[in-house]
Amino acid sequence: MQFGPVSVNEMDDLAFVAIDNPPVNATSAAVRAGLANAVREVEASGAKAAILSCAGRTFVAGGDISEFGSPPKDPALCDVISLIEASSVPWIAAMHGTVFGGGLEIALGCAFRVAATSTRFALPEVNLGLVPGAGGTQRLPRLVSMDLCVAMASGGAVVGAQRFHEAGGLDVIAGDDPVAAAKAFADDLPDRPAALSKRDVVSADDSAIVAEREKLHARARGPQAPLHCLDALEWVRLPFAEGGPKERALHMELRQSAESVALRAAFFGQRTVAKPSAIKGADLRNVEQVAIIGGGLMGTGIATACLLSGLSVALIEQSDEGAQKALATISANLDGAVKRGKLSAEKRAAIDDVLVATADMAATASCDVAIEAVFEDVPVKQAVFAELEKHMAEDAIFATNTSYLDPLKIFDGISGPERCIGLHFFSPAHIMKLLEVIRTPQTSSQTLATGFALARRLGKIAVLSGICDGFIGNRILAAQRRAAQYLVADGAMPFDVDAAMRDFGYAMGPFEVQDMAGHQIAWANRKANPAPAHIRGVPLADALCEAGRFGLRSDAGWHDYTEGSRKPERSALVEQMVEDHRKVEGIAARAFTRQEIVQRLLAVLANEGALIVEEGIAEDDAAVDQVQLHGYAFPRWKGGPMHHAAQNPDATNAAMTAMAEESRGSWTISRRFQS
Ligand code: NAI
C-alpha cells in the first residue's frame, strides 16, 4: 500500500513501513499523513510488528523547515507519534544516517529502536530557536539520563550510535543494514516495554538542568532557546499528558519569535549562497593536489585545511629554511587537530606522504590549483604567478588569497584569465568557516564552480564576491570601524561602544577586535593609502600607534590590558586622548545611549551591505549576512545585518540619516535606507 511518500508492505508476519521523501525524509505534511494511514494499515494487517525505515541516505532528519512560517497542517507530528506509540502492533524504528529532530521523536514513539553503527542522533531544534515540538523533551528523559538530554536538547549535541546505545537509547546497534537487524530482532521479539510516555523519568536528579541554566545565565547575552529547552525538560516532572502539550505549545509560540525567524533566515541563507546563479550547470575541474605559495600565517592555515580534507599539498616558500618553518607550523596544527579529536592518529601519519614543503616551484607541476598567500604586494604576487605559469598545466586554477589588492592587477598578463580567481580565506584558515570566492570579469563558471566545490570539500561556507576594496567582508568592516570612531569623536568612549555591542550579542566589541588583531598593519595601510579628503578622518587610531599602543600584544590599545590577560579595561589615557581630540576639533561631546550605539553600528553594516548588493558585488542580502555570520562573528540568532535591518527598517533609516548629517560627505546612503 502506498500513502503518498509512505509505503506499507507485508511479508511473513511483519509489516515494513518505509518513508521515501528525498533528500532527508523530512516530516512534511504528506509524510505525517502517510504515517497516520500506515498505522491504521498495519493494525488491520494483524502483523506481529512493524519495521519503520527510510529510503536514501538517512532516516527522518528533521521537520520541513519551509512549513514553519505558515499555519500548521494536520495531522501534527505529535499526534502521529501518539498513534504509533498507542498502536496495538509494536513498531521498531530501523535507523541509519542522521536521526535528527522529528526523526528522533518518531523513534521515541516506537516500541523498539534499532540503528546502524554509523547513525547519529540529535535534537537540533535549539539551533533554529525552537524547542522540540513532538515530545522530544518529554520522552527522551524517560529513556536516557538527564545529563544526555540537556546536552542534546539544550546544547544541540549530536550523539553517535555507540554512545546513544550505551546510554540506553537503543535496543540494538548493528552493522549497516538496520532493516535486516530489525528483522532479526523481530524473530525473537522481547516483551513490549511500557510506552515512553507512560514511563517514569530515568533519573530524579535535575542537577544537570540547574548547572546548564547557571552556565547560560553567566553568558551575558545569548539566544533564548537553550533556556526554553531546559524549561521543557523540567516539565517531565509532570504527567506526559500535561508536559507533552506544554512543549508543543511552546514550540508553536517560538516559531514566531524573532530569534527563530532570524536563525531560520541564517539557515536558508547558507543554502542560498552555496549555489550562486553564476555556477549553475557548470562543469567541475577535478582537484586532488593543491599548491600553496607562501607558508606564513595564511599559507600554513590553508595547507592545514587542505590536508585535513584529504587533499595533497605542495607548499612553496622562499627558502628551504622557510619551508621547514612552515612544515613545523602545519605539523603543530595537525597535532592540535589530533588532540581535539578532529583527526585520527593513522590519518595524521598518512598525511606525511601527501605533504611536500620546498623552495622549488617545480613541485607544483602536477597540482590542480595554486593558492597564493605571499606578501600583500602586487609585484611579488605577479612574479609568483608568472613562475607558476612555467610549471603548472595550462588549465590549472590560479587563486590569490589577497585581502585588499585588485586580483585583475595580480593576474595581469597571465595566460588563461578565465582560470584566475580569488579565494579569500580568514585567519586561522583551518578553523574559520568563511571563504570569499572572488570572481574577476573573466573568471569562467567552471573555475568558479570548482572554487565552490573546493570550499565544500574544505568544510567552508563559500560566498561569491565581485571585486571592490576589501571585497564584501573587509569593506563592511572598514565602514563600521569608521562609524565607531565617529561615535567616539562625538561623545561615546571606546569602552562603552564595545560594551554596547557585547550587549547586542557580539563576543567582542569593535575596538577590542582591533586590539586583538593589532594596529600596526592597519596603521601602515593608512599611511600608504590615505582616505579621500571628503571623508571625515579621526586621527585617534594613529595617535594610539604613535603612543606605542599597538593592541593586545603591547598590553595597550583602545583599552588597557593587564599583562597576560585579554580582558579589556577602561583606559584613562585613551579617554584623555579622546577628550583632547574633541577639544582640538571643537566638538561638543554628546551622550549616546547603548541603544543608539548599537543602532548606528548595525545600520552601517546593513547600509554598506546594501550598497554592495546594489553594485552587484554580492548576489543578494543572504551573501552579506553569511559573510558577517561566518567571518565577523555577527550573532547568529540575530540573523545577520541585512536580516536585522529588514526587521528594523525605521531604526536603520533614522540612524543612517543622523550619521550622514553629522559627518557630511562621509556616507553614501543606499537607496533602501533613504528615509
Ligand atoms: P605572512 O607574512 O605571514 O606570510 C607570507 C609568507 O609568504 C612568508 O612566509 C614569506 O616568506 C612567503 N613568501 C613571500 N614571497 C614569497 C615567494 N615569492 N615565494 C614563496 N613564498 C613567499 O602573511 P599572511 O598574513 O600569511 O598573508 C599572506 C596573504 O594572505 C596576504 O596577501 C594577505 O593580505 C592575505 N590575507 C591575510 C590574512 C590575515 O589575517 N593575515 C587574512 C586573509 C588574507
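Glu-234 is in contact (heavy atoms within 4.5 Å) with Ile-209 and Arg-213, residues up to four places away in sequence being left out. Glu-234 belongs to helix 9 (residues 225–234); helices (H or I, at least four residues) and strands (E, at least two) are DSSP runs, numbered from the N terminus. With 31% relative accessibility, Glu-234 counts as partly exposed, where buried means under 20% relative accessible area, exposed over 50%, and partly exposed in between (1.4 Å probe, protein chains only). Between the C-alpha atoms of Glu-234 and Ser-66, which are 168 residues apart along the chain, the separation is 29 Å.

This is a predicted model, in which local features need pLDDT of at least 70 and side-chain atom pairs count only at pLDDT 80 or more, while totals for chains, interfaces and linings use all residues. Residues are numbered from 1 along each chain as its sequence is written, and side-chain values use heavy atoms, with hydrogens and water left out.

**The ligand and its surroundings**

The ligand has 22 residues around it, and Met-298, Glu-317, Glu-376, Lys-381 and Ser-403 come nearest; a residue is near a molecule if one of its heavy atoms lies within 4 Å of it. The table lists polar contacts, that is, pairs of N or O atoms within 3.5 Å; within protein, one must be able to donate a hydrogen and the other to accept it, and residues adjacent in sequence count only if both atoms are side-chain atoms.

| Residue | Atom of the residue | Distance from an oxygen atom of the ligand |
|---|---|---|
| Leu-297 | backbone N or O atom | 3.0 Å |
| Val-374 | backbone N or O atom | 3.4 Å |
| Ser-403 | polar side-chain atom | 2.9 Å |

On its own the ligand has 830 Å² of accessible area, of which the protein covers 74%; accessible areas come from the Shrake-Rupley method with a 1.4 Å probe, and for residues only the protein chains shown count as cover. Helix 12 (297–308), helix 15 (378–391) and strand 16 (420–425) are the elements that give two or more residues to the shell around the ligand. Helix 15 contributes the largest share of this shell, 3 residues.

**Nonpolar cores**

A nonpolar core is a set of buried Ala, Val, Leu, Ile, Met, Phe, Trp, Tyr and Cys residues joined through side-chain atoms within 4.5 Å. The largest one has 73 residues, and those with the most contacts inside it are Val-17, Leu-35, Leu-52, Trp-91, Met-95, Phe-121 and Phe-164. Another core, of 63 residues, lies apart from it and includes Val-488, Val-497, Phe-592 and Ala-618. In soluble globular proteins, nonpolar side chains tend to be buried together.

Phe-121 touches, among others beyond four places in sequence, Met-95, Val-99, Phe-100, Met-152 and Phe-164.

Arg-600 sits in helix 24 (residues 594–614). Its relative accessibility is 7%, so Arg-600 counts as buried. Leaving aside residues up to four places away in sequence, Arg-600 touches Leu-487, Arg-590, Phe-592, Ala-655, Ala-658, Met-659 and Glu-662.

Helix 25 (residues 621–631) is largely enclosed by the rest of the structure, because 10 of its 11 residues are buried. Among the buried residues of helix 25 are Val-624, Asp-625, Leu-629 and His-630. The cover over the buried residues of helix 25 includes helix 11 (258–274), strand 17 (434–438), strand 18 (461–465), helix 18 (471–490), helix 24 and helix 26 (641–647). After helix 25 comes Ala-633, with a positive phi near 60°.

**Loops with particular backbone geometry**

The peptide bond from Asp-74 to Pro-75 is cis, with omega near -5°, and Pro-75 lies in the loop between strand 4 (49–54) and helix 2 (77–86). Ser-427 and Pro-428 are also joined by a cis peptide bond, with omega about -5°; Pro-428 is in the loop between strand 16 and strand 17.

Asn-25, a residue other than glycine, has a positive phi near 55°. Asn-25 is found in the loop between strand 3 (14–19) and helix 1 (29–45), and is buried, with a relative accessible area of 1%. Asp-555 likewise has a positive phi near 55°. The loop between helix 22 (540–546) and helix 23 (572–585) holds Asp-555, which at 26% relative accessibility counts as partly exposed.

**Cysteines**

The whole structure contains 0 disulfides, a disulfide being a pair of cysteine sulfur atoms within 2.5 Å. Cys-54 is in no disulfide, and the nearest cysteine sulfur, that of Cys-110, is 10 Å away. Cys-54 counts as buried at 10% relative accessibility, and Cys-545 counts as buried at 2%.
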